Amino acid sequence: MHLLLPVFAVILSAAKYPEALSAPQPCEPFSRKATPHLIDSLTPIADDGRNMKTLLLCLTLALTVTPRANPQASKAAEATQHATGPFDVKIAPQPADETAGSPSITRMLIDKHFHGDLEATSKGTMLAAGSGAKGSSGGYVALEIVTGTLKGHTGTFILQHTGTMTRGTPTLSVTVVPDSGTGQLIGLAGTMSINIVDGKHSYDFEYTLP
């Protein structure tokens with residue numbers, strides 16, 4: 001936040017002193033050593049139109065300096081992996097609960113069995129709105145906890161679903177809840193695509209694992 005404050009001040013001052021943009025000065029007065037005191041000294045510097053471009057350029061350089069790459073960190077960089085396979089799902093509608101909202105919002109329990117690269121089961125809860133009729137609109141959200149083995153790594157993680165249907169056109173996001181992995185799946189991150197062909201379900205899981 002402290003680094004952003006001088007940038008905002010520079011932008012505002014530039015509007016006041018447009019001639020400053022054609023009067024560059026050396027960057028030496030704004031060295032890294034001076035950065036901690038930049039906010040305190042910003043007003044007198046910004047009020048001098050001649051130094052305006054210098055301040056803008058030096059702040060830009062200071063904020064865009066890229067640290068040297070760590071060779072060891074590069075080697076340890078997480079590679080994106082893919083897991084695919086079929087899954088079976090059972091949906092169990094639950095009785096309407098007036099205290100939880102309107103009867104137009106339905107609650108369902110999820111029971112899944114994953115096969116292939118992900119051998120696991122999952123249990124979850126879904127909330128949905130809409131008739132489900134062809135060409136209609138609606139939406140659903142869901143959370144499910146997955147327990148099993150992902151390409152030899154055993155543990156649990158949570159998937160979060162957000163789906164909408166706009167006059168028959170669907171959009172769906174299924175994402176691993178950050179930091180929900182346990183066991184050998186600690187640090188798991190990723191997104192899952194769900195495909196339905198001829199009534200059969202399959203998944204394509206793109207993920208990273210430290």
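At 1% relative accessibility, Glu 144 counts as buried, where buried means under 20% relative accessible area, exposed means over 50%, and partly exposed lies in between, as computed with a 1.4 Å probe on protein chains only. The model is a predicted one, in which local features need pLDDT of at least 70 and side-chain atom pairs count only at pLDDT 80 or more, whereas totals for chains, interfaces and linings use all residues. Residues are numbered from 1 along each chain as its sequence is written, and side-chain values use heavy atoms, with hydrogens and water left out.

Glu 144 forms a salt bridge with Lys 112, and the closest N and O atoms of the two residues are 2.9 Å apart; a salt bridge is here a side-chain nitrogen of Lys or Arg within 4 Å of a carboxyl oxygen of Asp or Glu. This pair links distant parts of the chain, with Lys 112 in strand β2 and Glu 144 in strand β4, 32 residues apart. Strands are DSSP runs of E with at least two residues, and helices are runs of H or I with at least four, both numbered from the N terminus. Lys 112 also counts as buried, at 5% relative accessibility.

By this rule the count comes to two salt bridges. Asp 111 is paired in this way with Lys 123, the closest N and O atoms being 3.3 Å apart. Asp 111 is partly exposed, with a relative accessible area of 22%, whereas Lys 123 is exposed at 51%.

Strand β4 (residues 138–150) pairs with strand β5 (residues 153–166) in the antiparallel sense over 13 bridges, pairing being assigned if DSSP finds at least two bridges between two strands. Within this pairing, Glu 144 stands opposite Leu 159 in β5. The hairpin of β4 and β5 has two residues between the strands, and Lys 151 takes a positive phi near 45 degrees there.
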